[in-house]
Amino acid sequence: MAWEVGLLALLSTLIYPGIIFLVVIALFYQWVDRRFYAKLQNRYGPIYTGPRGILQPVADLIKLLAKEDIEPSAVDKQIFRAVPVLILTMPLTALFMIPITGTWALASFEGDLIFIIFLMTLIAILAFLGGWSSTNIFSTLGGMRAALQALGYEVPMAVSFMGPAILAGSLSVSKIVQWQASHGLWAILLNPLGFGIVIVAFLAELERIPFDIPEAETEIVAGWQTEFSGRKLALIRLALDLELVLASGLVTALFLGGPTGPIPIIPGIAWFMIKTLVLVLIFSNLRALFARFRIDQMVSGSWKYLVPLSILQIVMLELLLGWLSF
Amino acid sequence: MKNLSENTFSVPFGPQHPALKEPENFMFTVDGERVVDVKIRLGYVHRGGEKAFEARTYTQGLYLVERICGICAMAHQLCYVNNVEALIDIEIPRRADYIRTIIAELERIHSHLLWVGVAGHEVGWDTLFMYAWRDREVVLDLMELTTGNRVLHASNTIGGVRRDLTSEMISRIRKGMKLLKERTNYYKAMIPKERTLMKRAVGVGVLKPQDAVALCAVGPTLRASGIKRDVRRDDPYSAYDETPFDVITYDGCDVASRVLVRVDEILESIKILNYALEHLPSGPIAVRLPRGVPAGENVSMVEAPRGEDIHYLKSNGTDKPERYKVRAPTLANWPAVGAMIKGGYIADIPIVLAAIDPCMSCTDRMTFTEVNSAKSWQWSRDELRRYSLKWRGK
Amino acid sequence: MAMQNELVKSLAKKPATLLYPFEKYDSIPGSRGKVVIDITKCIGCGLCIRDCPAFALEMVGKGPTCDMKWYITRCVFCGQCVETCPRSAIIQETTYDLAGAEKAALVIEYKRPKSS
């Protein structure tokens, strides 16, 4: 029966809840994000392709895939070609470690939270490499900003991730979800501050307003993505959409109890979708609210406010746990 | 990328760049994220407009002059008709004066609302952009109702205006102004409260009052440095001598002040409009004139939404001008931009540039600006020819 | 966060933008649109052509038997020809969607009916 188990594992990696499923919801969330953002701004948003424009992200992806792929002669070819592929694999790999259908993820081991943090750092480094290998002045600036921004948000984000991990006594995302399910308690209740910090840090990770500094359109064209076109750009755009799924999925798993809920009849996948959708709407709403920060304001603000607050959250949590066990 | 020294490199900004809606080139020398120096190169949209006037009759010139700038079309046209009417030496009907004032103020509202939106866009706040432009539609619809065109109104003719305001139009304008007043008051209250926007605007692109005067800044840029100067008050034209209004000044000298000056000016414009609609005299809207303009020369000034607009007209008695010269407000503001940008951040470039509400196509003509010494000069054709001969001789 | 209330209000509102090709806005009365020449009134004086700032009108033939051509692509919709015409043969309609994909369709000819 070994081959059947193997086939099942292969199918679940490739189709559900693996690559194809993730790509589909990534494109769906892109549509949700665009529609909601447009609605907030009193416009329609995508409406033409498919019912209510739901196929617009697919159309955009196909269009980009079919377009001419221009490679400037001055670019550093190997890195320039590798970056789009690698940047797509990072969020996909990380998503395998997040429970989507039940309390267990596709891949789960002790310490996979650290691995996810590592993968997210790699995304920033890849953005930097992409900008650097383009040798375009705007790309270089954008890449440097991406790296600099990562210095700002990584630390508070990682520290805030520790809150749920301390509660569950484990560094595995699946175990944190199981702890929340078995205690019937969402980690957000004990980590409200950490939740807020993670949302802000993810806005920066996702390069969204007010932290769209590495791709600030009016300043440096498209930042580190400036020179990418055609298939490469399609992969990068898909990677950014997957990052949105990763961000909302990770926050769901760590703070909102993952794909479990108080009503047992509703399957895990539905809980996952509901919770991540709410998070996507929160991200879109925040995107519509703010003006873009400057890179120096972002980094210094992050170290001045986010880092102390995230440490404060951990201290408070420890004190609370100490008091409870006492 | 060219290395000037170890730490600095130059970043080109334009002629094609998302922050610039029109092509111009700026070479920034930057050190990390800080701007050390800037060189401005104008002339990418030089269209030979002034020469084209010499080949067109005064009537055709009416519509050419609007095309200097799509947004301050009325200001340029007003300047033009003031020039021509001064040469013919006629008094136009008072009602026409009032209608011109009304259209000019509607245009100012449209231009300033547009600018508030662009300012939001430049700092990445597209939501403000969408809302400001949505509200601007109200003015554009009123423009279409009163003049027939949304922009490039073609509302003036030599000797008056082309369309009368009916009582239905007046009530529609009143209604529109009520709505806009409410919206502008909302922006006025909301903008200083939005901290991310203020973080990008307060203390950015500082232009000290003495610099503003020395570098000949005009319009809202100058008034945001606390200097009370406005052609409408200092040298009134049309009906501005009768309409009461305040010249808005702020003394923050930064981008935030420039935003607030413009928002307040919208409110002032609404005040002027309401007064003008109230006191609109009856009578004809235009006088018939013979074709042709007597020989002579004249200079006229108009306060365009972006600042003081100066036109010079020389006539030789035929039906075409001999020389027409335009000094658009944006041109006067370029030297000040150099002073504002130096020492700032790259990220602040778009908003500082946008803060003077630049209109490149207004500006591009034979003018030389040396930003380092903030000196600008213009050459006559002879001087230019001499220079070209000298240059070729090299 | 200063704009949050406004954003929430917008969720319930109909979008301010139009779905243009499917949904057109009613043209405002007096809007300067399509130039229509009543060729039977035209006396072929050529004044409109002299005043047109954009060279958008053309006379085919001469005098009272001429035909007129209007180039949409050149017209700036100022309406000067309407004012200039001594016989009020030119009027401006409010039609605004005049764009087309074929260049030939962007020249409108106003031909005199063949007199018997």
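How many helices and strands are there in chain C? Three helices and five strands, and the legends below walk through them along with a few other spots. This is a predicted model, so local features need pLDDT of at least 70, side-chain atom pairs count only at pLDDT 80 or more, and totals for chains, interfaces and linings use all residues. Residues are numbered from 1 along each chain as its sequence is written, chains are lettered from A and ligands numbered from 1 in the order in which they are written, and side-chain values use heavy atoms, with hydrogens and water left out.

**View 1**
Helices (H or I, at least four residues) and strands (E, at least two) are DSSP runs, numbered from the N terminus. Chain C is more spread out than a compact globule, because its radius of gyration is 20 Å, well over the 13 Å that the globule rule gives for 116 residues. That radius is taken over C-alpha atoms, and the rule is 2.2 Å times the number of residues to the power 0.38. Along the principal axes, the C-alpha trace of chain C spans about 70 × 25 × 25 Å.

**View 2**
Chain C carries 16 positive and 12 negative side chains, with the centres of the two sets 4 Å apart. Lys and Arg count as positive and Asp and Glu as negative, while His and the chain ends are not counted; each charge is placed at NZ of Lys, CZ of Arg, CG of Asp or CD of Glu.

**View 3. Gln80(C) and its contacts.**
Look for Gln80(C) in helix α3 (residues 80-84) of chain C. Gln80(C) counts as buried because its relative accessibility is 6%. Setting aside neighbours within four places in sequence, Gln80(C) is in contact with Thr59(B), Tyr63(B), Arg162(B) and Asp51(C). Contact here means heavy atoms within 4.5 Å.

**View 4. Chain A, helices and no strands.**
Chain A has 13 helices and zero strands. Its radius of gyration is 20 Å, which agrees with the value near 20 Å for a compact globule of 326 residues. Of those 326 residues, 56% count as buried. Confidence in chain A is lowest in helix α10 (residues 217-220), at a mean of 72, and highest in helix α3 (residues 56-66), at 91. That score, pLDDT, is the predictor's confidence in each residue, from 0 to 100.

**View 5. Pro259(A) in its loop.**
Pro259(A) sits in the loop between α11 (230-255) and α12 (268-289) of chain A. Pro259(A) is buried, with a relative accessible area of 4%. Leaving out neighbours within four places in sequence, its contacts include Pro99(A), Val177(A), Trp271(A) and Phe272(A). Between the C-alpha atoms of Pro259(A) and Leu319(A), which are 60 residues apart along the chain, there are 29 Å.

How values were computed. Buried means under 20% relative accessible area, exposed over 50%, partly exposed in between (1.4 Å probe, protein chains only).
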